[in-house]
Amino acid sequence: MVVPKSVSGWTIAVFGALALVNGVLGLAVPGALVGPLGFATPLDGAAATFLAASSMASLNMGVYYLLAASRDWKPFFAFTVPFRALTVTVFTLFVLVGPAPAGFLAVAAWEGLGALATGAALLHERRRATMIVA
């Protein structure tokens, strides 16, 4: 069981758990994910293959995040923030340019809120550590 040691660790653990669950759900019940996002169902062969690959990546990422949270690996936490912000940008552009349905903005929002929460927690922890040392 993962019990994070810091607020930033909790933000990573929550994201990791959600990624893991979504990965398993995408592999086991793909329609449960794509329908709410606005993608057409049933999925054709290429779309089903891509969803399976994305779900597997999500499951793996969830495990990585949970492992990092269990070790309170703050450099990893910090590393995720700009890349999750990049994900927000790319996913939002996919909706605006047209290949993704509007429901995909929920994924961008999930990434963005997670990045903001982790970044804010790291900043707060860094300021608190500086005040304790001073």
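What volume does the largest pocket have? I get about 980 Å³. This is a predicted model, so I kept local features to pLDDT of at least 70 and side-chain atom pairs to pLDDT 80 or more, while totals for chains, interfaces and linings use all residues. Residues are numbered from 1 along each chain as its sequence is written, and side-chain values use heavy atoms, with hydrogens and water left out.

**Pocket.** A pocket here is an open set of points on a 1 Å grid over the protein atoms alone, where a 1.4 Å probe fits, with protein on both sides within 12 Å along at least five of seven lines; lining residues have an atom within 4 Å of a point. Volume is the space filled by probe spheres set on points joined across faces, edges and corners. I found 33 lining residues, with S54, S58, F91, F104 and V107 the closest to the centre. Helix 3 gives the most, 9 residues (helices are DSSP runs of H or I, at least four residues, numbered from the N terminus).

**Helix 4.** I looked up its span: 24 residues reach 35 Å from first C-alpha to last, close to the 34 Å expected at 1.5 Å a residue (1.5 Å times one less than the number of residues). F76, F77, T80, R84 and V95 are buried there (under 20% relative accessible area, 1.4 Å probe, protein chains only). G98 follows helix 4 with a positive phi, near 125°.

**Contacts of A68.** Leaving aside neighbours within four places in sequence, I see A68 in contact with W73, F76 and F77 (heavy atoms within 4.5 Å).

Key:
Helices (H or I, at least four residues) and strands (E, at least two) are DSSP runs, numbered from the N terminus. Buried means under 20% relative accessible area, exposed over 50%, partly exposed in between (1.4 Å probe, protein chains only).
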